[in-house]
Amino acid sequence: MNAIITVVGSDKVGIIAKVSQFLSEHKINIADITQTILSGNFVMMMMVDLAASDISIDELRNAMEDLSSDMGVEINIMSEKVFSAMHRV
């Protein structure tokens, strides 16, 4: 199963490192990543592969909530199927 993770917030050192380190610790592979600074805000979108993950997507959501609070950014996660359905034209 793939999921989409978005991270938005004030730009600061370590956002990519902290998110990717957490994913690595739980055997979640980053399949694709893009990031930019938009009007002074850090914006990142990742497609991750949860096939080998040692946590469920719900556990991932809860852990990302804690991480987002610690870092002062907003992190959202949704399954790739839901994301694709929402953005179909």
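Me: Which residue forms a salt bridge with Asp58?
Reply: This is a predicted model, in which local features need pLDDT of at least 70, side-chain atom pairs count only at pLDDT 80 or more, and totals for chains, interfaces and linings use all residues. Residues are numbered from 1 along each chain as its sequence is written, and side-chain values use heavy atoms, with hydrogens and water left out. A salt bridge is a side-chain nitrogen of Lys or Arg within 4 Å of a carboxyl oxygen of Asp or Glu. The closest N and O atoms are 3.0 Å apart, and the partner of Asp58 is Arg61.

Me: In which helix do Asp58 and Arg61 lie?
Reply: Helices (H or I, at least four residues) and strands (E, at least two) are DSSP runs, numbered from the N terminus. Asp58 and Arg61 are 3 residues apart, about one turn of the helix, and both lie in H2 (residues 57-71).

Me: Is Ser53 buried or exposed?
Reply: Buried means under 20% relative accessible area, exposed over 50%, and partly exposed in between (1.4 Å probe, protein chains only). Ser53 is in the loop between strand E3 (41-49) and H2. Its relative accessibility is 17%, so Ser53 counts as buried.

Me: Within what arc do the buried residues of H2 fall?
Reply: Among the buried residues of H2 are Ile57, Leu60 and Met71. The arc is that of the directions from the helix axis to the C-beta atoms. Seen down the axis, the buried residues of H2 line one face of the helix, because they fall within an arc of 145 degrees.
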